[in-house]
Amino acid sequence: MLRKERLFTPGPTPLLPAAQLALASAGMHHRTAEFRALYRGVLAGLQTFIGTRNDVLMLAASGTGAMEAAVANLTSPGERVLVLTAGKFGERWRDLARAYGCEVDVVSVPYGETFSLDAVRAQLSPQTRAVFVQATESSTGARHDVRAIADILRGSDSLLIVDAITGLGTTTFDVDAWNIGVIIGGSQKALMAPPGVAYLAVSERAWQRMEQGRSPRYYFDLRRERQAAAKGESAYTPAIAVIAALGAALDYLRTVGDGDLAAGRDLLIANAEAAAALTAIAAPSGLDSSNIVRAFRERFGAHVANGQGEMKGKLFRIAHIGYYDYLDTIGVIAALEQVLAGLGVEVQLGTGVRAAQDVFARSAAVGATAP
Ligand SMILES: *Cc1c(COP(=O)(O)O)cnc(C)c1O
């Protein structure tokens with residue numbers, strides 16, 4: 001039997017065909033007018049995509065590079081910061097802040113859960129300089145209430161720094177109204193491009209804070225990147241091909257939105273609902289989820305994700321981020337039925353597919369998006 005390779009992982013996500021074409025044909029040099037036009041266009045598009053008037057920057061890095069840039073530029077050794085963690089990516093904020101010598105307070109809840117706002121309030125102190133959180137904790141699929149957390153910080157001195165690497169394009173944010181200091185995304189999630197570019201929006205308050213920062217930074221010095229961006233360039237050699245792919249993805253969203261990029265983004269967000277970005281499923285008891293992940297790959301060429309951190313072996317994750325549609329949903333549910341049956345789980349083939357078909361038939365959104 002033939003098998004197509006398909007990504008159902010929460011990054012990288014399936015590539016938009018137009019983004020692949022752009023990648024393959026991006027042979028330009030970066031100190032040219034042609035590149036500057038591309039760069040400025042993508043920065044402006046990202047600003048609309050994020051929904052902010054703040055400065056947007058791109059870095060040649062995976063998403064974690066922008067997370068490190070936020071910590072390096074906005075904190076100083078010995079400063080108190082608060083990390084909200086509910087999984088592997090929250091732990092990454094904690095470890096990064098510690099690596100830069102911060103005094104790290106932590107609100108930690110079990111994998112799969114989200115924070116009580118009272119616990120967040122209780123851990124905030126007048127000395128808290130920054131609060132770090134994920135929008136969506138991709139290791140479990142839990143979406144955190146960024147707006148409510150932003151409300152708690154209103155009027156305080158703390159900067160809110162949001163890892164929305166999975167959140168952007170799957171969740172609606174009002175970055176400026178919620179006073180988000182820095183919000184971070186990555187090319188390989190909802191934007192349907194390969195990994196290699198991290199992007200972030202930086203508020204005026206964050207720029208001011210940066211002037212007082214005492215942590216070392218060089219490649220990730222955002223002030224230097226801002227100066228370059230003002231000239232339509234990056235400080236160092238950019239990920240030219242990935243930026244071209246991002247340009248194609250933003251054009252696609254503009255087309256889907258009938259010429260309005262923000263409308264296209266909203267359709268993309270609606271497409272990832274109702275489970276926000278990914279569906280995390282507990283393996284049937286007694287069955288290691290690694291076997292499910294392997295069977296998906298070996299039998300169907302379908303890449304789903306295992307649990308991460310302490311959830312490894314316990315759950316598997318199916319993403320619906322970015323370039324992903326109804327037939328993908330039906331296909332992956334059908335494959336899941338076969339995979340479970342093959343592993344000795346009692347399943348009635350067609351039960352899951354039928355349930356999904358029923359939901360689709362009732363959905364008002366049928367045929368709402370095209371090109
Ligand atoms: C994908 C992802 C990351 C990024 O990780 P990289 O591998 O560095 O790109 C960080 N945080 C979240 C919430 C993610 O989903």
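Leaving aside its neighbours within four places in sequence, which residues is L160 in contact with? Counting as contact any heavy atoms within 4.5 Å, L160 is in contact with V131, V133, V146, I149, A150, L153, I180, G181 and V182.

The model is predicted, so to speak of it one needs its limits: local features need pLDDT of at least 70, side-chain atom pairs count only at pLDDT 80 or more, and totals for chains, interfaces and linings use all residues. Residues are numbered from 1 along each chain as its sequence is written, and side-chain values use heavy atoms, with hydrogens and water left out.

## Nonpolar cores

L160 is named, together with M58, W93 and I183, among the residues with the most contacts inside the largest nonpolar core, which has 97 residues. A nonpolar core here is a set of buried Ala, Val, Leu, Ile, Met, Phe, Trp, Tyr and Cys residues joined through side-chain atoms within 4.5 Å, where buried means under 20% relative accessible area, exposed over 50%, and partly exposed in between, with a 1.4 Å probe and protein chains only. Helix α9, residues 240-256, gives the most to this core, with 10 residues; helices (H or I, at least four residues) and strands (E, at least two) are DSSP runs numbered from the N terminus. A second, separate core of 17 residues includes F8, F296, A302 and V332. In soluble globular proteins, nonpolar side chains tend to be buried together.

## Around the ligand

The shell around the ligand holds 14 residues, of which S62, T64, S138, D163 and K189 come nearest, a residue being near if one of its heavy atoms lies within 4 Å. By class, this shell has 3 nonpolar, 8 polar and 3 charged residues. Helices α3 (63-74) and α4 (88-99) each supply at least two residues of the shell, and the largest share, 3 residues, comes from α3. The table lists distances from polar side-chain atoms to atoms of the ligand.

| Residue | Ligand atom | Distance |
|---|---|---|
| S138 | oxygen | 2.4 Å |
| D163 | nitrogen | 2.6 Å |
| Q188 | oxygen | 2.7 Å |

Taken alone, the ligand exposes 380 Å², and the protein buries 87% of that, with accessible areas coming from the Shrake-Rupley method and a 1.4 Å probe.

T75 is found in the loop between α3 and β3 (80-85), and T75 counts as buried because its relative accessibility is 1%. A polar atom of the T75 side chain lies 2.7 Å from the backbone oxygen of V71. Not counting residues up to four places away in sequence, T75 touches A70, V81, Y100, C102, F132, R214 and S215.

C102, one of those residues touched by T75, lies in the loop between α4 and β4 (103-108) and counts as buried at 8% relative accessibility. The C-alpha atoms of C102 and V81 are separated by 6.6 Å, although these residues are 21 residues apart along the chain. With residues up to four places away in sequence not counted, C102 touches T75, S76, G78, E79, V81 and A97.

H144 lies in the loop between β7 (142-143) and α6 (146-153), and with 5% relative accessibility H144 counts as buried. Its side chain makes a polar contact with the side chain of T114 at 2.6 Å, a polar contact being a pair of N or O atoms within 3.5 Å where, within protein, one must be able to donate a hydrogen and the other to accept it, and residues adjacent in sequence count only if both atoms are side-chain atoms.

Definitions and conventions:
Ala, Val, Leu, Ile, Met, Phe, Trp, Tyr, Cys and Pro count as nonpolar, Asp, Glu, Lys and Arg as charged, and the others, Gly among them, as polar.
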